[in-house]
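Thanks for coming. I'll go through one model today, starting with a sheet and then moving to the cores and the ring pairs. Please have a look at it first.

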Amino acid sequence: MSLAIVTEIDQLVEQVHSYHPEADEAVIRRAYDFSAKAHEGQTRRSGEPYLQHPLAVAGILTFLKLDETAIVAALLHDTLEDTLATQEELQAQFGNEVTHLVEGVTKIGQIPFETYEEKQAENFRKMLLSMADDIRVVFIKLADRLHNMRTLEHMSESKQKQIAQETLEIYAPLANRLGMSWMQQELEDLCFQYSKPEAYSLLKLRVAKRDEEREEYVESIIHATRDALAAAGLTGVVEGRPKHLYSIHQKMERQEITFEEVYDLAAIRVVSDTKMNCYVVLGLIHSLWPPVHGRFKDYIATPRTNLYQSLHTTVLGPQGEHIEFQIRTEDMHRLAEYGVAAHWRYKEQAKVGDRDEKVFSWLRQFVEWHRDLSDNQQFMDSVKLDLFHLDVFHDVVFAFTPKGEVKELPLGATPLDLAYSIHTEIGDHCIGAKVNGKIVPLRYQLNSGDTVHILKSPSQTPQREWLTFVQTSRARAKIKHWLKAEEQKRGLELGWRLLEREFRRHNLPAAQLLKSDQLVQAAADAGYESLDEMMRMIGYGRLSAATVVNQFLDPAAREEVAQDEAEGVVPHIRAPRPIKAVKIMGGRDVMMQLSKCCSPIPGDPIMGYITRGRGLTIHSVGCPNLQALDYEKDRLVEVEWDEKIEGNHSVKVCVLTIDQPGVLAKVSSAISSSQANISRAEITTREDQKAVLDFVIEVSNTLHLDRTLEAVGRIEGVISAKRIRVWEVSR
């Protein structure tokens, strides 16, 4: 649907009064006069007065039937950004509500950014946060973008492509998420026109020609449907709806078909009087023409997150052509036209009523999911992923919680995605799920209609491998957030240890200096915002501990260090040993850590490798990473386990069982009875009626591990129980 552009203030006022007779005409005209004065002398690239742009944006909002506050803000939306008008002037003349809307739409101004992408990310972040407070911000922004796209021919070709791509990735999907499909379709067709002008022109000509040829055919289907409705005593408005060009282009690319192979170029819409009659109409249509298998969608029983409702079906019409029908009530049709705006009820401070609260819950969630992403590239990637995945009807699945709550997820979503959609803590501790009563692994891809019960363990934590299969931006963002926090925590701990070691190497009072104000000042002098930040940089290897300690040495000691470094002298490392269970042959005392690639435990044959900056890393003798270091034999050190071993160590085990009820509980009980603690678990079922239970358990040594595996192996239904090593095939 293409809307006529409003060009005069009288036309705008008339349109507002057509749906809101009590609107304050005076404030609308005052905003127009203020905008005219502020933009006086400014022109657009087309040469027309700049004032035509805010007038056109306000006109688009009248189609959404927005109140005079939004209309006034639309007239003023560029004044703070592009004129000398001030926030104080707006507040004085139009109040805080209008000023808040204008500020929400206004781009970030004077802040310098290194790249265009970074600036756009910050602008979009600002809009997201603003629309969480008042959704009219995004209505104005979308209307602004629509008018800019309508007049894009006056921009350079490179600018056209840049704006079109941004609109296609962000604003068109956002319009769809708000339920305004007419705006989404117009934006997409305009983007198609400017990003691929040759393909657009060719497709436009071919569709126009096909429409002429098919007009009589489509009319015959419409008349047949009307006659059938009348004969059955059903009321309903039947009309044809041509598909927009971009959706046809997408279908051709996605299915790798030619234009001649696209049959459903037009859809037929039936608007009935009641929800029940929508299903009656569906049955009637299926009695006239056979339905195409797999092409029926019931969005009445399971509305989309923007509350779009309709029945979609494709039938095999006369001459074997596919015809798509959309069946809905008048209320459903109104929502499909106006989207979220159809539910907007202006109360005090622009709050929605309780009846409409559900409509906006997804919007607040969407904003909240992306609020914590500080990196601009990650933020934009996450937003695009979330908008894209739920952008088209066939790309979603509807899963159910045990309480019957419907969760709309992207195609390919897993139980982990659903867990994070419920709550971050549920996702963080998820170890698997029961889908329709059967245990499935985290990687299982959900299908529409699945009932999902999430299985949790308090000892479970997010794993980096989860990022390889989750589909939603929320799950991805929360996993990355947890991993980043853990990385910072480990970096901070290692930084303190490395700095303490360096202090002790120079015989300086480490305990005293690590708590001193002098160290805090050293961090500030080096340009770090905090002492912890400097410590993390040391732990990450981006800052040398020696560089920091050098500031605490007297001039003679500094000269000696500089001379040693010039001559390539490697200092003797001496520091407290963090791993008390390992002692080094020859008695040399260095900082040590167990390698995470092979996770050795007491009883395993081990070897040490001297790393640069991190002390000694302990590997199992059979570790392939250690074998790859064979060419650096001078850095290998013989080590052995201390006889006085205390504490537990993590080890991975794999249990293969028959897939039967209760086996997981029995295995967990056997592990606990062996005084071994389960820190992580994941369940996978196989097509051969077997289940694979992967655990990370805490044991004191290899003897303790062997006793635990023997206990598990004695359980009825357990086929095998063994330790998983990185160089072995687990199953």
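Strands β16 and β18 run antiparallel and are joined by ten bridges. Strands here are DSSP E runs of at least two residues, helices are H or I runs of at least four, and both are numbered from the N terminus. Two strands count as paired if DSSP finds at least two bridges between them.

Before I go on, the source of all this. This is a predicted model, where local features need pLDDT of at least 70 and side-chain atom pairs count only at pLDDT 80 or more, while totals for chains, interfaces and linings use all residues. Residues are numbered from 1 along each chain as its sequence is written, and side-chain values use heavy atoms, with hydrogens and water left out.

Back to β16. Its Val655 has Leu693 of β18 as bridge partner. Is β16 mostly covered or mostly open? Mostly covered: seven of its ten residues are buried. Buried means under 20% relative accessible area, exposed means over 50%, and partly exposed is in between, using a 1.4 Å probe and protein chains only.

β17 pairs antiparallel with β18, residues 690-699, over eight bridges. Glu682 stands opposite Asp694 in β18.

Next, the cores. A nonpolar core is a set of buried Ala, Val, Leu, Ile, Met, Phe, Trp, Tyr and Cys residues joined through side-chain atoms within 4.5 Å. Which residues touch the most other members of the largest core? Ile28 and Phe139, out of 77 residues. A separate core has 24 residues, among them Leu418 and Ala475.

Last, the rings. Rings of Phe, Tyr and Trp, taking the six-membered ring of Trp, pair if their centres lie within 6.5 Å; planes under 30 degrees apart are stacked, over 60 edge-to-face, and the rest tilted. That rule gives eight aromatic pairs. One is Phe34 with Phe94, edge-to-face, 5.6 Å centre to centre and 90 degrees between the planes. Phe34 is in helix α2 and Phe94 in helix α6, so this pair ties together parts 60 residues apart in sequence. Phe34 counts as buried at 12% relative accessibility, and Phe94 does so at 10%.

Phe63 and Trp182 are also edge-to-face, at 4.9 Å and 75 degrees. Phe63 lies in helix α3 and Trp182 in helix α10, so the parts tied together are 119 residues apart in sequence. Both residues are buried. Ring pairs also link Phe192, Tyr200 and Tyr246 into a cluster.
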